[in-house]
Amino acid sequence: MTKNKNNTSHTKNENSEKLILGFSQIGSESAWRTRNTQSIFEAAAENDIQIIFDDAQQKQENQLKAIRSFIVYQVDVIAFVPIVEDGWDNVLTEAKDAGIPVILVDRQINADPSLYAGFLGEDGLEEGRRAARFLLNKCRNRTGTVSIYEMSGTENSSVVRDRAKGFREIIASDPKFQIIHSEDGDFLRSRGKEIAENLITSSCRKDGLYYEGQKIDAVYSHNDSMTLGMLDSIENYKVYTGNTIIISVDAEQKSIDALQAGKLNCVVECNPNLGPKLMELVKDIAEGKTIPRVTYNSETMFTENDDFSTYQPRGY
């Protein structure tokens, strides 16, 4: 295989070895993330693509080191899940100078678009909109203020920005919907549990969740891990949340179980199974083709109004 140092396309002759993909994952903080990684390994095996894998353990500096090691190894394509949006220009320039194309997976970045080939992942804006549309419909007959507590994900990540923006875009159509507080839960179950515990112990009430004395009518959580952590504390302290609307994003099996048990009202899917599409893009790039700037995975939504008998096991 010959690397073209002047552009990001690669060619492959009939007798050359298998394609090598350098892939940096942000970590294994949830069942969703674990499934995301599994999907990529499964699809690589099915497509006879070798993976050099790195777990960044939630640290950008680890990802920067990994990408540089991929460059030294001269992999054919680099794919990575960026922990945060900023700080990638230098390393991506190094990859471009080495003739190695880069695909962003799951999260986007703030960088010169010429430094990477394309993005594959979820439509965070639409996920936020779906959550908000459910809430608007659920509360369509309410006349008073609907107080919303937001559990946000990792600060400075594109998915947090988009899920927040899409949600706000829709609720802005009706002034009765008010976000009274947004708390960074870093996409972690432990943080969701801690956040809820702080709300419960500070209010000393068991008839619902309160923030600084104000009743929380709805919770919008950016991922299932934080939501499940919140449910842990609600159960531990035996707080009644039957009249609290709880909306989550991801659609792990445990959150679908909680939805069926009446503990959640809506779960917006974020599909972790990006492997097959990623391998398509990797092979296209290796053949010198231009891939789309943005490729979204197919996603849906699950609500309390669904026929649960039609649900299939999630597998994660």
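Which residue of β12 is the bridge partner of Ile148? The bridge partner is Ala218. This pair belongs to a predicted model, in which local features need pLDDT of at least 70 and side-chain atom pairs count only at pLDDT 80 or more, while totals for chains, interfaces and linings use all residues. Residues are numbered from 1 along each chain as its sequence is written, and side-chain values use heavy atoms, with hydrogens and water left out.

Strands (E, at least two residues) and helices (H or I, at least four residues) are DSSP runs, numbered from the N terminus. Two strands pair if DSSP finds at least two bridges between them. Strand β8 (residues 146-152) and strand β12 (residues 218-221) are joined by four bridges and run in the parallel sense.

Both strands take part in an open sheet of six strands, ordered β9-β8-β12-β13-β14-β16, whose pairing is mixed. Because β9 (177-184) and β16 (301-303) stand at the edges with a single partner strand each, one side of each has no neighbour in the sheet. From one strand to the next, the twist averages 15°. Angles run from 0 to 180 degrees between N-to-C directions, and axes are lines fitted to C-alpha atoms, for helices over the stretch in contact. Contact means heavy atoms within 4.5 Å. Helix α8 (residues 253-260) lies across β14 (266-269) and β16, and runs at about 150° to β14.

On a 1 Å grid over the protein atoms alone, a pocket is an open set of points with protein on both sides within 12 Å along at least five of seven lines, a cavity is a set where a 1.4 Å probe fits but cannot get out, and lining residues have an atom within 4 Å of a point. Grid points are joined across faces, edges and corners, and a volume is the space filled by probe spheres set on the points.

The largest pocket has a volume of about 290 Å³. Its lining comprises 15 residues, and Leu231, Ile234, Glu235, Thr241 and Lys263 lie nearest its centre. Helices α7 (224-236) and α8 each supply at least two lining residues, and α7 gives the largest share, five residues.

The structure also holds one cavity of 30 Å³ or more. About 110 Å³ of space lies in the largest cavity. Of its 13 lining residues, Trp32, Arg33, Arg107, Arg163 and Asp250 are the closest to its centre. The elements giving two or more residues to this lining are α1 (31-46) and α5 (158-171).
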